[in-house]
Amino acid sequence: MLTGFNHLTLAVTDLNRSLGFYRDLLGLRLDASWDGGAYLSLPGLWLCLSLDSSRRPAEVPDYTHYAFSIEAGHFVAFAQRLRAAGVREWRDNRSEGASFYFLDPDGHQLEAHVGDLASRLRACRQQPYAGMTIFTDE
């Protein structure tokens, strides 16, 4: 039986550029690096950057993305810092909680989101999605 999320590996084409993005711009801690990759972390997240010359952005991007949590009080400054750094946005927020959707240097679709599953379910109890059934009591 699975016990939780273990790690996320992202294929990158330029390790130094990606380290600058994830460590210096987003603030992840660099735990280890080597010629072909790096391990970074946040509380509850182990991120592996793996140098991969075959990495190609999706021809037709979909909604698949990786979301990071951010406190409401830091959200506006965070989004402003990324915009000032020229980080590209890929979507406008359409759901509960503030969200900033942005691309990393290799085109991975990321999100900074205020809220969690509990706050999302509270909002969905008020306005459920079409055909939605909520199975938890909280």
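User: What volume does the largest pocket have?
Analyst: The largest pocket comes to about 350 Å³. A pocket here is an open set of points on a 1 Å grid over the protein atoms alone, with protein on both sides within 12 Å along at least five of seven lines, for a 1.4 Å probe, and a residue counts as lining if it has an atom within 4 Å of a point. Grid points are joined across faces, edges and corners, and the volume is the space filled by probe spheres set on the points.

User: Which residues lie nearest its centre?
Analyst: Arg55, Leu103, Gly107, His108 and Gln109 lie nearest the centre of the largest pocket, out of 17 residues that line it. By class, that lining has 7 nonpolar, 6 polar and 4 charged residues, where Ala, Val, Leu, Ile, Met, Phe, Trp, Tyr, Cys and Pro count as nonpolar, Asp, Glu, Lys and Arg as charged, and the others, Gly among them, as polar.

User: Before we go on, what sort of model is this?
Analyst: This is a predicted model, in which local features need pLDDT of at least 70 and side-chain atom pairs count only at pLDDT 80 or more, while totals for chains, interfaces and linings use all residues. Residues are numbered from 1 along each chain as its sequence is written, and side-chain values use heavy atoms, with hydrogens and water left out.

User: OK. And the second largest pocket, which residues line that one?
Analyst: The second largest pocket, with a volume of about 210 Å³, is lined by Phe5, Leu8, Leu42, Pro43, Gly44, Leu45, Tyr66, Ala67, Phe68 and Ser69. Its lining divides into 8 nonpolar, 2 polar and no charged residues.

User: Which strand gives the most to that lining?
Analyst: Strand E5 (residues 66-69) gives the most, with 4 residues. Strands (E, at least two residues) and helices (H or I, at least four) are DSSP runs, numbered from the N terminus.

User: Gly44 is in that list too; where does it sit in the fold?
Analyst: Gly44 is in the turn of the hairpin that E3 and E4 form with 2 residues between them, and Gly44 has a positive phi of about 85°. Strand E3 (residues 37-42) pairs with E4 in the antiparallel sense over 6 bridges, pairing meaning that DSSP finds at least two bridges between the strands. Within this pairing, Leu40 stands opposite Leu47 in E4.

User: What about E1 and E4, parallel or antiparallel?
Analyst: Strand E1 (residues 8-12) runs parallel to strand E4 (residues 45-51), and 5 bridges join the two. One of the partners is Leu51 in E4, which is bridged to Val12.

User: What overall pattern do these elements follow along the sequence?
Analyst: The chain reads β-α-β-β-β-β-α-β-β-β-α, which comes to 3 helices and 8 strands. Buried residues make up 33% of the 138 residues, with buried meaning under 20% relative accessible area, exposed over 50% and partly exposed in between (1.4 Å probe, protein chains only).

User: Which residues of H1 are buried?
Analyst: In helix H1 (residues 15-25) the buried residues are Leu15, Ser18, Leu19, Phe21, Tyr22 and Leu25. Asp14 caps the N-terminal end of H1, with a side-chain oxygen 3.2 Å from the backbone nitrogen of Asn16, and after H1 comes Gly27, whose phi is positive, near 90°.

User: Switching to charges: how many salt bridges are there?
Analyst: The structure holds 5 salt bridges, each a side-chain nitrogen of Lys or Arg within 4 Å of a carboxyl oxygen of Asp or Glu. Among them, Arg29 and Asp31 meet at 2.6 Å, N to O. Arg29 counts as exposed because its relative accessibility is 55%, whereas Asp31, at 39%, counts as partly exposed.

User: What else does the Asp31 side chain touch?
Analyst: The side chain of Asp31 makes a polar contact of 2.6 Å with the side chain of Ser41, a polar contact being a pair of N or O atoms within 3.5 Å, where one must be able to donate a hydrogen and the other to accept it, and residues adjacent in sequence count only if both atoms are side-chain atoms. Ser41 lies in strand E3 and counts as buried because its relative accessibility is 13%.

User: And which residue does Arg120 bridge to?
Analyst: Arg120 forms a salt bridge with Glu96, the closest N and O atoms being 3.0 Å apart. This pair links distant parts of the chain, with Arg120 in helix H3 (residues 117-126) and Glu96 in the loop between strand E6 (89-91) and strand E7 (99-103), 24 residues apart.
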